[in-house]
Structure formats: C-alpha cells, structure tokens
Amino acid sequence: MSAADEKRGPANVPVPVTPAGTSSTASADYPPASPAGRGMFGIQGSGDTSGFGGLVRPKQPIEESPRPYGGYFDEVRDALEEAYPAFADAIEKVVVDRGELTLHVRAERIAEVCQVMRDDAALRFELCASVSGVDYLGADERRLHVVYQLTSMTYRRTVRLEVAVSAEQPHVPSVTAVYPTADWQEREAYDMFGVVFDGHPGLTRILMPDDWEGHPQRKDYPLGGVPVEYKGAEIPPPDKRRSYQ
C-alpha cells in the first residue's frame with residue numbers, strides 16, 4: 001500500500017483507507033464504465049469490443065514497392081530471382097511495408113517457392129514459423145489469403161510469403177513436405193478459414209468438432225448465438241456481452 005492509500009493511527013500504525021473514486025455498490029460482474037473501456041476501434045456508446053461495431057475503414061490498395069527496398073530485402077529478392085527460373089510467373093508483386101518484406105506468390109507455386117527459399121545457399125530460410133489465414137471480404141475478389149512467416153536462422157532474416165484464393169476455389173498446395181512445422185498450422189487455417197491444402201497428410205479440423213458447419217474466422221460467419229452443445233448454453237452476440245475494461 002502506498003503512502004497515498006493509508007493514514008496513521010495510534011502508535012503510528014497504518015490504517016487502510018478506501019481509495020478515492022471507488023463505489024461500495026459497484027457490481028462485481030459489471031464494473032463502472034469508463035471512457036477507456038468503451039468505444040474500441042473508434043466505436044462509441046455500444047460497448048462493442050469485437051471491432052465489428054460499424055467502423056468503416058477506407059480501402060488501401062496493395063501496390064508493388066519500388067526498388068531499392070533497403071536493408072537485406074533487395075538481396076533476398078535478387079537471390080530468389082536468380083535461383084528460381086519461374087520467378088516472373090510465380091511472384092505477383094513484392095511489397096515492403098512497415099519494415100517488412102512480403103512476396104505475393106501465385107497459389108499454385110507456393111510449394112516450389114518455399115523449396116527454393118529453404119534450400120538455396122543465398123537464402124536459407126530453414127524455418128516456417130507460422131501459417132495463418134486472413135479474410136479480406138469485400139476488399140479482394142480472392143478474399144482468402146494464406147500468410148507464411150519464414151525465418152533464416154543462418155542469416156537472421158525474416159520474410160513473409162502470401163497467397164490469395166477465392167472462397168469458391170480455396171485450394172492451395174500444402175508446404176508440409178518442405179516445412180513439417182506447417183502441418184498443424186495448415187490444419188488450423190483449414191478449420192478457421194476453409195482453405196483446402198492439397199497434399200496435406202491429414203487435413204482435418206483441429207479446433208472445432210469434425211461435424212462443425214462453417215469456418216468461424218471468415219468475416220461472413222455469424223458473430224454470436226452459436227449453441228454450446230456440451231452445456232446447453234448459448235454464446236451471446238457481441239453487442240450483448242459486457243464491455244471489458
């Protein structure tokens with residue numbers, strides 16, 4: 001307890017003092033609202049903490065970055081272009097943003113590109129740290145993107161590979177033969193976003209039950225009201241939940 005939160009009684013013994021601003025009638029489940037606890041992502045008044053409360057963001061086109069990129073980014077691009085004859089056909093664009101390098105790859109070429117990124121002596125991206133999904137609903141005709149974070153432990157470098165497919169044809173070659181760490185990560189992207197990784201050794205759901213309908217992290221998936229079978233309860237929609245502070 002700090003000096004500001006206590007007073008001294010007889011024999012100079014500290015006596016607790018109720019901190020200023022507290023309320024003895026405040027609910028334990030619903031603490032008093034504060035400006036910091038409301039209006040996440042620019043929304044005011046609804047208590048919505050989901051980020052889907054009506055905030056409108058302008059669409060920003062993803063354009064190819066001009067060279068030179070700076071740092072080691074030019075070296076990575078040049079090394080891949082030299083080692084991979086199909087570079088011009090496979091790489092749709094190269095983007096440098098917020099200090100990160102992203103190679104946008106045609107979906108059918110992703111396993112080939114990963115093989116070169118791992119094995120070429122000038123690249124040596126030995127580790128696939130993660131495979132994740134993104135849904136650009138309303139912003140991209142090929143709305144489902146798969147993002148691969150590669151790390152070169154030899155050269156201490158990182159690079160991002162990204163592919164895009166439509167929701168109608170969500171097929172991407174599996175990279176598990178190149179990066180075994182992608183096994184469960186591809187299963188999670190399949191489970192949550194519905195991306196089908198062709199050639200995966202065991203593409204099954206990893207988080208949801210096998211008979212679950214839909215893919216929960218797609219942006220057109222219902223936000224709430226999903227029955228919880230094992231308890232007979234129901235998850236409320238975001239606007240009915242408490243506002244966390």
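The model is predicted: local features need pLDDT of at least 70 and side-chain atom pairs pLDDT 80 or more, whereas totals for chains, interfaces and linings use all residues. Residues are numbered from 1 along each chain as its sequence is written, and side-chain values use heavy atoms, without hydrogens and water.

Helix α4 covers residues 182–193; helices are DSSP runs of H or I with at least four residues, strands runs of E with at least two, numbered from the N terminus. Its 12 residues should span 16 Å at 1.5 Å a residue, and because the end C-alpha atoms are 16 Å apart, the two values agree. The expected span is 1.5 Å times one less than the number of residues.

Buried residues of α4 include Ala182, Arg187 and Phe193 (buried: under 20% relative accessible area, 1.4 Å probe, protein chains only). Their cover includes β5 (127–135), β6 (144–152) and β9 (196–198), with contact meaning heavy atoms within 4.5 Å.

## Packing of α1 and α3

The axes of α1 (residues 73–83) and α3 (residues 110–119) come within 10 Å and cross at roughly 110°. The helices are therefore roughly perpendicular (65 to 115 degrees). Val76, Leu80 and Ala83 of α1 meet Val113, Val116 and Met117 of α3.

## His104 in strand β4

His104 belongs to β4 (residues 100–105) and counts as buried because its relative accessibility is 7%. Leaving aside residues up to four places away in sequence, His104 touches Ile62, Ala90, Ile91, Glu92, Lys93, Val95 and Glu162.

Technical notes: Buried means under 20% relative accessible area, exposed over 50%, partly exposed in between (1.4 Å probe, protein chains only). Axes are lines fitted to C-alpha atoms, for helices over the stretch in contact, and angles run from 0 to 180 degrees between N-to-C directions. Angles under 35 degrees count as roughly parallel, over 145 as roughly antiparallel, 65 to 115 as roughly perpendicular and the rest as oblique.
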